[in-house]
Amino acid sequence: MLRSRKRGTFVTFVKRNSGYLFIFCVLFVFMQLGFHNGRRKHMKIDRDYGQDEDEGWLSASSHLLPFTDSQHNGVLTEHPIPRLMEDAELKYRKKLASQSKTLQEAVAEYQRRYRRPPPKGFDQWWAFAQENDVKMVDEYDGLINDLKPFWELSGEEVRRRSAQAGELPSIDLVRVRNGQATVINVNPQFHDTEVSARAHGFRVMIEKFAHTLPDMDFPINAKAEGRVLVPWEHRTFPNLTQQDSSGGVESVLGGPFQPDWGNDGNVWEAWRRTCSPDSPARRVFASHRNPFSTGSKNYFTKVGSVDPGSDFSFVKTTSFTEDYCDMPYAHYSQGHFFSDWRSIHALYPVFSPAKARGFMDIKIPSHYYYGSTKRYTYGWDPVNLELKDTDSSEVPWEDKIDKIFWRGATTGGGSHPPGFAPQYQRHRFLRMASDRSNATRVVTYSDPPTSSSHWKSASVPIDQLNEEIMDAAFVKAVSDAGYPGGITALQKVHRFGSTVPLGRHWSYKYLIDMDGMSYSARFMAFLASDSVPLKSTVYEEFFSDWIQPWVHFIPLSSSYKEIYNIYSYFSGPPQSVLDAANSTYAGVPDEERRSVEGDKRLRRIARAGKIWKQTMGRKVDMEVYVYRLCLEWARLYADDRDTMNFTL
């Protein structure tokens, strides 16, 4: 009787709550399907090596290498770095082998790429390139793209705007007249300590062939920062703006040009107007997403079963491809969006040493690369005033310190608007490298340390990692008043050290190369050394078509978060990693657990970078680049551009 009553009560309960029970069952089934599907996707081999170059470093997800089907404890069977290197080397070899061997081939390749004949004087340029054993004779896509907007202007308009650009603050003219090049400062009323340095450098670059050039002007940016940002509407619908500059530069710009922003704007607001109206950067006034927040940590995972996580994510190239139109929240991490210098909002030619995405400056080689100084030139002897192939401070590879080295000033951006300095690129890296908190980083290491097919991950205290492998410090505080809390707050969370000569860098295997106010002027010196540059940049330079990431240097994302895993692959697991993983190899001497294969690969990159600098990053290679640029500019300068074509 009691049993029957209980059964009836249960049946009654089921009938009354059948709807809720049905919904619960459906949700349970979907959750199980999603869980198993997610696991299957996690096990799937992903050939994107961690992070797709178009995805952006701030993506919430990251692509990981496969777990084996029989192991779900964080063990990997393949590391992405060897494949990244092999693919990059193959791509570079193909590019190098495909270069034109004759003038006829070069002309045909030019016409194939750009759908027009090469410029007048192309044969003389070719002869100059051949005399100097130039390797990359076809790779000028970046140069052509820089000049593309000016094809929409007449030759008369290009000439007028070139002269007028020299009237703007911090822009000098390199003027070619009757085969002679001179530097002219049209605006002497505006005082700038940097005026003319870059212009004089450009003038020297064209000395060898200036006698072959027609009369023309080159407006040279005295600043390192980009200058020209033209709104999307004005590029898409030119009739919206004043296209005739015969009334002067103020008629085009809508009034007198103020050199700094003051209180009426900033670079980011000008930059986001270069995006299309339907892009996220144009559709939102501001973004509140925090790109610097760390992911949640699972405190219940066992030692040795940690997944590689987002730190195990490697970029294929530099961050020039990052599109802030699609991810406006990321602009807070780059100082060039906070520059004090007002951008030019009309299409004026300005020749600059580097170019961030969205800017319309025309790239030229940096005068720091071309000249010889003790601060920026590898092998320069300031006493005997001569350039040596091997710097006097160079250290044999076997004797180099196995650490990541950086020294520099607290540059990186301006203060328009103020308060964002802690998020600039150098500050973020130094804060990470100076971290002495109890935070952890997930590091993937070879297990055993000499293995190339068995990898595990461990959560490692960042203070121990930094102590072992980092030697990074600021040596000078610039505009520290703009940092929240001033110099006291700056020194509290960033390591400061003494200034070191350039030669001190050669004592280390890894050299960090980061943007400052603009590009890094030490990159060529780092390449020339026997060390390996780890380069993080949002800039494109004149040589970007000629060099190959993962062959000549190691590209680093804007977050730098993969740097500990890069080190662990090439140099083997640091002691702190083995300790955190309770590895049986923690007591093995350093020399016995060092990655022989990784060290060979690292040294291969160092050698390749050095060879590239000696064969493609020479002064004469820069001259060949600007020679080609001059020919293209001369054609744009002409009223009848067809007469400035070259034909065989």
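Close-up 1. Arg-635 and Glu-632 are both buried (under 20% relative accessible area, 1.4 Å probe, protein chains only). Their side chains meet in a salt bridge, 3.1 Å from N to O (a side-chain nitrogen of Lys or Arg within 4 Å of a carboxyl oxygen of Asp or Glu). Both residues lie in helix α22, three residues apart, about one turn of the helix. Helices are DSSP runs of H or I, at least four residues, numbered from the N terminus; strands are E runs of at least two.

The model is predicted: local features need pLDDT of at least 70, side-chain atom pairs count only at pLDDT 80 or more, and totals for chains, interfaces and linings use all residues. Residues are numbered from 1 along each chain as its sequence is written, and side-chain values use heavy atoms, leaving out hydrogens and water.

**Close-up 2. Glu-623 and Lys-208.** These two form a salt bridge, with the closest N and O atoms 3.0 Å apart. The pair links distant parts of the chain, 415 residues apart. Glu-623 sits in helix α22 (residues 619-637), Lys-208 in the loop between α8 (197-205) and β3 (216-221). Glu-623 is buried, at 3% relative accessibility.

**Close-up 3. Arg-112 and Glu-109 in helix α4.** A salt bridge joins their side chains, 2.7 Å from N to O. The two residues are three apart in α4 (residues 103-114), about one turn of the helix. Glu-109 is buried, with a relative accessible area of 18%.

**Close-up 4. A salt-bridge network.** Glu-109, Arg-112, Arg-113, Glu-139 and Asp-141 are linked in this network. The whole structure holds 40 salt bridges.

Methods: Buried means under 20% relative accessible area, exposed over 50%, partly exposed in between (1.4 Å probe, protein chains only).
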